Amino acid sequence: AHCTDGGACGADCRRHGIQRIPTVASKLCTDVVSPMYTLLKYGLDSMSSADDLAKFVFIGHDALPLRPMWRVQEMLFKRDVSDMCVSPRNEWPSIEISGVVYSVVKHHQSVV
């Protein structure tokens, strides 16, 4: 877990058996990627070579769970591939330069 206030969430993490990583600076709407990158790095570094399958889920502090985590985990591990939701092509930002169209593929934040 990544916590902006380690003291506040440290006890909860220990109670639920969740490893807390060192806090990384972040700023809403400017840099929310640094904590996510650090969580992935710690997760990948902690894997042994015997791990065949790993999926990472980012859950925000203000997320309202609709299903218990065990059910989410069960659903995620039904398939051993990654999942992402790509928006329709007409929603991708594009620009034409010298007759060549360049696009940025738009996807939803939820990627597994």
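This passage describes helix α2 and two residues, Thr38 and Trp70, in a predicted model.

Helix α2 spans residues 33-45. The helix has 13 residues. From its first C-alpha to its last, α2 reaches 18 Å. This is close to the 18 Å expected at 1.5 Å a residue. The buried residues of α2 are Pro35, Thr38 and Gly43. These three cover an arc of only 135° around the axis, so they lie on the same side of α2. The face turned away from this buried side carries exposed residues. These are Val33, Tyr37 and Asp45.

Thr38 belongs to the buried set of α2. Its relative accessible area is 13%. Thr38 counts as buried because this value is under the 20% cut-off. Contacts of Thr38 were examined without residues up to four places away in sequence. On that basis, Thr38 touches Ile21 and Val24.

Trp70 is placed in another element, helix α3. Helix α3 comprises residues 69-76. The relative accessible area of Trp70 is 56%. Trp70 is therefore exposed, as the cut-off for that class is over 50%. Phe56 provides a reference point for the position of Trp70. The two residues are 14 residues apart along the chain. Their C-alpha atoms are separated by 14 Å.

Conventions
Residues are numbered from 1 along each chain as its sequence is written. This is a predicted model: local features need pLDDT of at least 70, side-chain atom pairs count only at pLDDT 80 or more; totals for chains, interfaces and linings use all residues. Side-chain values use heavy atoms; hydrogens and water are left out. Helices (H or I, at least four residues) and strands (E, at least two) are DSSP runs, numbered from the N terminus. Buried means under 20% relative accessible area, exposed over 50%, partly exposed in between (1.4 Å probe, protein chains only). Contact means heavy atoms within 4.5 Å. The expected span of a helix is 1.5 Å times one less than its number of residues. The arc is that of the directions from the helix axis to the C-beta atoms.
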